[in-house]
Amino acid sequence: MKKLQSLLIGVVAIIGLLFIASHQLEKAQGFSGNNTLTIYNWGDYIDPTLLKKFEEETDYKVSYETFDSNEAMFTKIQQGGTAYDITIPSEYMIQKMMKEKMLKPLDYKKIKGMDQIDAKFKNQAFDPNNTYSIPYFWGTLGIIYNDKFINSKDMKEWDDLWQPALKNNVMLVDGAREVLGLSLNSDNHSLNSKNQAELSNAKEKLMTMVPNVKAIVADEIKMYMINEESAAAVSFSGEAAEMLANNQHLHYVIPSQGTNLWFDNMVIPKTVKNSEGAYAFINFMLRPENAAQNAEYIGYSTPNKAAKKLLPKEITQDEQFYPADSVIKNLEVYHDLGPEYLGIYNDLFLEFKMHRK
Amino acid sequence: MKKVKINWSRFYLIAVFILLYLPIFYLIFYSFNAGGTMTRFTGITLEHYQAVFSDKRLIGIVLNTFMLAFLSALIATVIGTFGAMMIYYTRKRNYRNALLSLNNILMVSPDVIIGASFLIFFTFLGLSLGFSSVLLSHVAFSIPIVVLMVLPKLKEMNDSMLDAAHDLGANNWTVIRKVILPSITPGIIAGYFMAFTYSLDDFAVTFFVTGNGFTTLSVEIYSRARQGVSLEINALSALLFLFSMLLVAGYYMISQGNLTKSQKKRRKEHREAVDSL
């Protein structure tokens, strides 16, 4: 009994100490009542010094939380229970959230700097007139290759991934829409195709790629490519930017047969508690110097044309990440396919995954 | 000439330990890397440890994680101990077995399902996600563990001691305090530590029920690792490894020290009893 008593006292004392310590820490950071702005963003998707700058300028305290997939974010917000003021989903998820009435329409009287956003990224099909969302970053899906193993002229379009020389040397990003989309694109079909014949052709074509596929992985691609574990990989431009920064033999190609143009946009969910703070943050991120700093830190492409001017020339003139308008015209944005066709895409992708080797 | 015999069992044991510990030491080794990545070791630095200590958010998360683990294990131990007694003293055998099975089902059911159901349950109740929701779910999944650790000790106990205590006029509470609790103490302590570690390293359940600025270490490391493991995480893991070693050493000392003390006491009493005869 004595032993139990001393254990109990010890544990309670430790809990008390920890509680006081974490309370002090929170107080030192200035969290209190109603000046908190809760941001729900992708992991490592903002320059931390910008958050500090925002806090200093506005007196809001940022509570920053992260998610790792659109779907996880969607579930958390749909279930409620947490008051997120700002979140940054991708375009197809914005469409889905709009359908589910989970977003608040933006009040443009409170937003300054919307004219900085390049017109070609505004008014997209997924959110006409940008009623609900403001572009944060954009990018493409493409091929990263290592010039030690592949000649640059052998890597220009999706079909090049099928070349026999790449046996067991291609890594694919683990996404149904991405992988089926590249197969559809390589046949010059739309990556939003709802045509059953086109889709099954795309899957059949993917099956013939199986000998080349080394792995279907997620974010680990970055590490593998930097370590030269594979000659080529399919991934997003922002990921590619980081790989290129770490290994000079790597290059990024936007396939000439067309590919996906994606957006991550800032939205205000219905769960918003600190609406003023949310608009303050949007205005803060729209300011060219902040957008430029963020783009330089993250490595993704900014839709802010004033910010683009502030960025170093070697970044903005890099056709890998800021392709010419003629290339952009060729790109397609994902549409929300609806549950039925999303299921079909997922099934086809699963069949492909199961068939390899 | 003496033939050298290979001790296969020892060899096997060493191989298993190497397999289990090597990745951890590999991780710790690179936490000192000046190169910044896990690809090549270029030199020794302590900057990653500095980064950990200067990251206020991370320190806050560590404090919260441990507070959560200590507190949830405590609550779960109290509930679980009395739950185990209840199961043990249930008269009807069928009923008792049913209770035990229900307890075991919770042990083996996948964390993901438990987590998702907690998320749905809490939001259905309108409870806001945060410290309280995480605490409640950790208490809930720790209780079956404590029950499993305490039950064997109850079975070991000599039931005639209870009858003797009752015969001598003890009421129920006195019996629990003076007879049952002392004899199942090792089980309770083991249960507490098991619940503590479960709470510390649970990811799947916690992932679903965190929110409103409250998060735990496992969830934070996971969302950071998606962007490539930075060596700051390595440094933190090294610190946690050191901490768990201290914890195990502390637990060992508590149980060992007390065991010998009680053994000594028992031996002394025995001797005195013999002498007085």
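Predicted model: local features only at pLDDT ≥ 70, side-chain atom pairs only at ≥ 80, totals over all residues.
**Ground rules**

I number residues from 1 along each chain as its sequence is written, and chains are lettered from A, with ligands numbered from 1, in the order in which they are written.

**Entry: Tyr92(A)**

I started with a record: UniProt, in an unreviewed entry, puts a "binding site" at Tyr92(A). Such annotations may be inferred rather than shown by experiment; their positions are in the numbering used here, and feature names are shortened. I found Tyr92(A) in helix α4, residues 91-99 of chain A. (Helices are DSSP runs of H or I with at least four residues, strands are runs of E with at least two, and both are numbered from the N terminus.)

(Buried is under 20%, exposed is over 50%, partly exposed is in between, with a 1.4 Å probe and protein chains only.) Skipping residues up to four places away in sequence, I listed what Tyr92(A) touches: Asn70(A), Glu71(A), Tyr334(A), His335(A) and Asp336(A). (Contact means heavy atoms within 4.5 Å.)

**Entry: Ala231(A)**

Next I went to the loop between α7 (220-226) and β7 (232-236) of chain A, where Ala231(A) lies. Ala231(A) is buried, with a relative accessible area of 0%. Beyond four places away in sequence, Ala231(A) touches several residues, including Ile144(A), Phe149(A), Leu166(A) and Met225(A). I also checked Lys148(A): 83 residues separate Lys148(A) from Ala231(A) in sequence, yet their C-alpha atoms are 8.0 Å apart.

Chains A and B bury about 3,200 Å² between them, 66% of it on carbon and sulfur atoms. (That is the accessible area, 1.4 Å probe, that two parts lose on being put together, summed over both.) Which elements of chain A give two or more residues to this contact? They are α1 (2-29), β2 (61-67) and α3 (70-79). The largest share, 14 residues, comes from α1(A). In all, the contact takes 33 residues from chain A and 36 from chain B.

**Entry: chain B**

I counted 11 helices and zero strands in chain B. Of its 277 residues, 37% are buried. Among contacts in chain B with a separation of 6 or more, 72% join residues 24 or more positions apart.

Methods:
Heavy atoms only, no water.
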